[in-house]
Amino acid sequence: MSSRRLRSALVAACAAAAVSFAGTAPAAAHTAAPVRAASVAHGLTSLTDLFTERLLLADKVAAAKYDTDKPIDDPVREQQILDDVAARAAGLGLDPDATKAVFRDQIEANKLVQRGLYARWDAHPEERPTERPDLVKEVRPALDRITTRLLDTLKDTQRLRTSPSCEPRLGVAALRSAYGHELDALHGEGLVRALPSVCAD
């Protein structure tokens, strides 16, 4: 499956999942995909689950920044993250540039979700967050913990990520994570954005 077709399928599936979570799809939709996917996704769901956890933290990042002078784009912080993961990747036997590419995708996915939430909150003030999480003390430490787990998981999945079956395995794993975490369409689109650099060329 081509990268474009894989991305299109995931967007459509996450949108369908969002409908099913609202209770308008048949109950079988909740179980069929994960059961069929078990043998194909083995090994990469641990990775897509971490991508999903990181994406869900975008809600807290957005809530911390919304209606303040803190921009969604933070090039200095982003470069610090990329430099850090590149240095740590070398010690784990990972390719630093490839690892940076994966994390760059996570950053862009996170910002995609933040922008979507901003647009939602602008259009529907009643949905705006009522609490502002502490970005430095609460949110960034949680992101840092996921970073450590992601690096370890990238190391553990090196063989799968360089195999010819990586893309279909990754697609099924992403669907399992989307269903398991009950992602809505916005977060599903974020998960799609998080995937491009996982499989080696």
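Select E182 to begin. This residue is exposed, with a relative accessible area of 54%. The model is predicted. E182 sits in the loop between α9 (166-180) and α10 (185-193). Check its backbone: phi is near 55°, a positive value in a residue other than glycine.

Now go to D67. Its phi is near 60°, again positive in a residue that is not glycine. Look for D67 in the loop between α4 (58-65) and α5 (75-92). Is D67 buried or exposed? D67 is exposed, because its relative accessible area is 68% and the cut-off for exposed is over 50%.

Next, turn to the aromatic rings. The whole structure holds three aromatic pairs. Select Y66 and Y118. Their ring centres are 5.1 Å apart and their planes stand at 75°, so this pair is edge-to-face. The pair links distant parts of the chain: Y66 is in the loop between α4 and α5, while Y118 is in helix α6 (residues 96-123), 52 residues apart. Both Y66 and Y118 are buried.

W121 lies in helix α6 and Y66 in the loop between α4 and α5, so the pair ties together parts that are 55 residues apart in sequence.

How buried are these two? Y66 has a relative accessible area of 10%, and W121 has 7%. Both values count as buried because the cut-off is under 20%.

Finish by showing Y66, Y118 and W121 together. Ring pairs link them into a cluster.

Technical notes: Residues are numbered from 1 along each chain as its sequence is written. This is a predicted model: local features need pLDDT of at least 70, side-chain atom pairs count only at pLDDT 80 or more; totals for chains, interfaces and linings use all residues. Side-chain values use heavy atoms; hydrogens and water are left out. Helices (H or I, at least four residues) and strands (E, at least two) are DSSP runs, numbered from the N terminus. Buried means under 20% relative accessible area, exposed over 50%, partly exposed in between (1.4 Å probe, protein chains only). Rings of Phe, Tyr and Trp (its six-membered ring) pair if their centres lie within 6.5 Å; planes under 30 degrees apart count as stacked, over 60 as edge-to-face and the rest as tilted.
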